[in-house]
Amino acid sequence: MKQAIEIGRFITFEGGEGSGKSTQAGILANRLARSGRSVFATREPGGSPGAEEIRAALLSGRVAPFGHLAEAVLFAVARADHIDNAIQGALQEGQWVVCDRFIDSTRAYQGATGGVPRSAINALERLTVGELSPDITFILDIPAEEGLARAEARAEGGRLDRFESQDLTNHERIRRAFLDIAEEEPDRCVVVDASQPEAMVAEDVWETVLQRLNP
Ligand SMILES: Nc1ncnc2c1ncn2[C@@H]1O[C@H](COP(=O)(O)OP(=O)(O)OP(=O)(O)O)[C@@H](O)[C@H]1O
Ligand SMILES: [Mg+2]
């Protein structure tokens, strides 16, 4: 007899540049795997072959001349592909999906600071994400200057991408936009002090996952 498989859980990491999203998503994915969960670790933009192609165009800045709405639409196309060809399948198989950036990055970058109206952002979300919602979204909060210094140190003289290279004022607005999202959706979003050492941030994340999702 075929056994019913439990639907997996969906956890996303959000926050400004250098806040530690990739680091913390990786640590959490390892911890969940060690606790016996099957894990699909992924990222946006990207996460599926089609969406990774769109990622390259978006981060290179080639789409920027077309404006913030065009960028928002392309992020949405990438997200739809990622959901349809990767995330949904993984959740249906009972995997825990850990995603580095998701809808809130579009809300913060293209919406709140890019000037794309909330109505347009909402319409794109309805088309691409529908009823799918993360079980927990971690908002990694750090002063923009600290986050950028980390991102720049990591780039080691390499070039910052299209979004990293915006000015400091804009990065502070992005930080504020993420905090506003967390206030609007306290059931989904958990703000974590990301200026703490890596291991302490990871502890805060793990405590929340234990409390809310009992992995
Ligand atoms: N808590 C921390 N304290 C100090 N350095 C950290 C911490 N977390 C991550 N870092 C370092 O800061 C840099 C940026 O971290 P990471 O790449 O995880 O951030 P990110 O949020 O994914 O950045 P981006 O938005 O650019 O993708 C890396 O070099 C990482 O090793
Ligand atoms: Mg990253």
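Which side chain makes a polar contact of 2.9 Å with the side chain of Ser105? The side chain of Arg101 does. A polar contact here is a pair of N or O atoms within 3.5 Å; within protein, one must be able to donate a hydrogen and the other to accept it, and residues adjacent in sequence count only if both atoms are side-chain atoms.

This is a predicted model, in which local features need pLDDT of at least 70, side-chain atom pairs count only at pLDDT 80 or more, and totals for chains, interfaces and linings use all residues. Residues are numbered from 1 along each chain as its sequence is written, chains are lettered from A and ligands numbered from 1 in the order in which they are written, and side-chain values use heavy atoms, with hydrogens and water left out.

Start with Arg101. The residue lies in the loop between strand S3 (96–100) and H4. Helices (H or I, at least four residues) and strands (E, at least two) are DSSP runs, numbered from the N terminus. Arg101 has a positive phi of about 75°, although it is not a glycine. Its relative accessible area is 13%, so Arg101 counts as buried. Buried means under 20% relative accessible area, exposed over 50%, and partly exposed in between (1.4 Å probe, protein chains only). Arg101 also faces the ligand: an N or O atom in its side chain is 3.3 Å from an oxygen atom of ligand 1.

Now take ligand 1 itself. An oxygen atom of ligand 1 is 2.9 Å from a polar backbone atom of Gly20. A nitrogen atom of ligand 1 is 3.1 Å from a polar backbone atom of Glu198. Taken alone, ligand 1 exposes 630 Å², and the protein buries 75% of that. These accessible areas come from the Shrake-Rupley method with a 1.4 Å probe; for residues, only the protein chains shown count as cover.

The space taken by ligand 1 is the largest pocket. Pockets are found on a 1 Å grid over the protein atoms alone: a pocket is an open set of points with protein on both sides within 12 Å along at least five of seven lines, whereas a cavity is a set of points where a 1.4 Å probe fits but cannot get out; lining residues have an atom within 4 Å of a point. A molecule sits in a cavity or pocket if more than half of its atoms lie within 2 Å of its grid points.

Which elements give two or more residues to the shell around ligand 1? They are helix H1 (21–34) and helix H6 (144–155). The largest share, three residues, comes from H1. There are 15 residues around ligand 1, of which Lys21, Ser22, Thr23, Arg154 and Gln196 come nearest. A residue is near a molecule or strand if one of its heavy atoms lies within 4 Å of it.

Return to H4, which spans residues 103–112. Ser105 is found in this helix. At 7% relative accessibility, Ser105 is buried. Leaving aside residues up to four places away in sequence, Ser105 touches Glu14, Gln110 and Phe178. Contact means heavy atoms within 4.5 Å.

Thr106 is also in H4. This residue is buried, because its relative accessibility is 6%. With residues up to four places away in sequence not counted, Thr106 touches Phe75, Arg79, Gly111 and Ile121. The C-alpha atoms of Thr106 and Val116 are separated by 9.7 Å, at 10 residues apart along the chain.

The side chain of Arg107 makes a polar contact of 2.8 Å with the side chain of Glu185. Residues up to four places away in sequence aside, Arg107 touches Ala112, Arg118, Ile121, Glu125, Ile181, Glu185 and Arg188.

Some backbone details remain. The peptide bond from Glu44 to Pro45 is cis, with omega near -10°. Pro45 is placed in the loop between strand S2 (39–43) and helix H2 (49–60). Asn214 is not a glycine, yet has a positive phi of about 45°. Asn214 lies in the segment after helix H8 (198–213). With a relative accessible area of 61%, Asn214 is exposed.
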